[in-house]
Amino acid sequence: MTATPALTARITDEQWDRYFRQGFLHLGQLVDAAELHRLRERADDLAVGRVVNPQVQVQLDTGGRYEDLPEVTGQPSGGTLRYRKVQGLETDELFRAVLRSPVLAEVAAHHYGRHTSASLFRAMVMNKPAAQGTVLPWHQDGGDVWALDRDPLITIWMALDDATAANGCVEVIPGSHRLGLVTAQGSTLSEEGARQFCPDDQVHPLEVPAGHAVLVHNWLIHRSGVNPTSQPRRAFTACYLDSRTRNLLTGEHFPLILGTSTGPPQPYLELLRAEHADRTASAAAASEYAQSLKADNAVLQESIRSATEYARSLEAELARLRAAAEQPAGEVVGSAGGIGSAGKLVATARGGLQRARVLLGRFRPGQQ
Ligand SMILES: O=C(O)CCC(=O)C(=O)O
């Protein structure tokens, strides 16, 4: 990647003053034309699955309401250029190189301290497909819904195509970052919040030439509209964190992009992790045991069924023999010899029945 003369790592005091007043700062050109071409191509290749990266996820643009957007999925094979988002780009070498630009390192150091490494909450291409796009309502990039142990402060937004008021560029309310997060929850503003904080006469279109970047404060209220033009409006955007930031739900850090350290270890988290691993292992063992009991039970049920069947057949045989034994001697076919063997059979049958009952009793205690 070649930085153009417009871009140096130096940001003047006057620029910082402007940034802290307005909540955004045009940083100038970040990549040259050749690099820009490669990045556009890479974004589309990833979106349609021509370049395979299992870490990348894609969201299609259905052109409908923001609330109805489809879920983000893995890369589609033979996908479409009507995508809204390609995320996970911190794992792509081309986009990763942009994220490590000296000027972005300077921005991160200025906010989080030179001693601090920086990680990424997300790095993605946001696209407004030609003659489409989905309205992204007024929002701030932070708050409880982000589930972080501290609020991130800086987002870089780089145009991959010229972004203009005509093709759905980002619109901002200058200075609104100084309100702080307007709700603890953060993210999308309510209708009332939008009426209160985003009057029409304060809306500023953030027009950015392709290859140029803007630094945006995460609390700056912003939105973007649709793209009625015949060309896509693609942009690369990334949110930088102080690398010590953790996901509140998992305790995990985020992928490092600048520097090498995620901060000092936190022993209580290691303890929690070990405890969690222990419990997961116990739960797995208990589940395995439950499965084996289930299998044993199936075997026992089958034994009961066949023992019952056997007992019934013996009972029937016994009844038959009794009936035969009770008939007058002359009527029994085979006479006295027949009765003698019938008597033996009865004894055998009784023995069999007794055994079956014992067997049954063993499987069904109390039911002798
Ligand atoms: O590119 C867009 O349309 C919106 C980007 C945005 O809201 C963001 O990066 O937070």
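## Getting started

A residue is called buried here if 20 or more other C-beta atoms lie within 10 Å of its own, exposed if 12 or fewer do, and partly exposed in between, with C-beta atoms placed from the backbone. What you are looking at is a predicted model: local features need pLDDT of at least 70, side-chain atom pairs count only at pLDDT 80 or more, and totals for chains, interfaces and linings use all residues. Residues are numbered from 1 along each chain as its sequence is written.

## The chain as a whole

The protein chain has 7 helices and 14 strands. Helices (H or I, at least four residues) and strands (E, at least two) are DSSP runs, numbered from the N terminus. Of its 368 residues, 32% count as buried.

Two residues are in contact if their C-beta atoms, placed from the backbone, lie within 7 Å. Take the contacts between residues at least 6 apart in sequence: 81% of them join residues at least 24 apart. Y112 sits in helix α4 (residues 102–112) and is buried, with 24 other C-beta atoms within 10 Å. Leaving out residues up to four places away in sequence, Y112 touches A118 and D242.

Strand β7 (154–159) is well covered, since 6 of its 6 residues are buried. I154, I156 and M158 point one way, while T155, W157 and A159 point the other way.

Who are the partners of β7? Two strands pair if DSSP finds at least two bridges between them. β7 pairs with strand β11 (residues 212–217) in the antiparallel sense over 5 bridges, and 6 bridges join β7 to β13, also antiparallel. I154 has H217 as its bridge partner in β11 and stands opposite Y240 in β13.

A nonpolar core is a set of buried Ala, Val, Leu, Ile, Met, Phe, Trp, Tyr and Cys residues joined through C-beta atoms within 7 Å. The largest one holds 64 residues, and V86, L120, V214 and L215 touch the most other members. Strand β5 (residues 118–128) gives the most to this core, with 7 residues. L215 touches residues including I154 and I156, again not counting those up to four places away in sequence.

## An open sheet

Now for a sheet of 5 strands: it is open, antiparallel, and ordered β9-β6-β12-β8-β10. β9 (187–188) and β10 (204–205) stand at the edges with a single partner strand each, so one side of each is left without a neighbour in the sheet. Inside the sheet, β8 (residues 170–172) and β12 (residues 222–224) pair over 3 bridges, and E171 has R223 as its bridge partner.

## Around the ligand

Which residues surround the ligand? They are M126, L136, D141, T155, W157, V170, H222, S224, A235 and T237; a residue counts as near a molecule or strand if its C-beta atom, placed from the backbone, lies within 6 Å of it. β7, β12 and β13 (233–242) are the elements that give two or more residues to this shell.

A147 is not a glycine, yet has a positive phi of about 55°. A147 lies in the loop between β6 (136–140) and β7 and counts as exposed, with 11 C-beta neighbours inside 10 Å. S187, not a glycine either, has a positive phi of about 60°. S187 lies in strand β9 and, with 15 C-beta neighbours inside 10 Å, counts as partly exposed.
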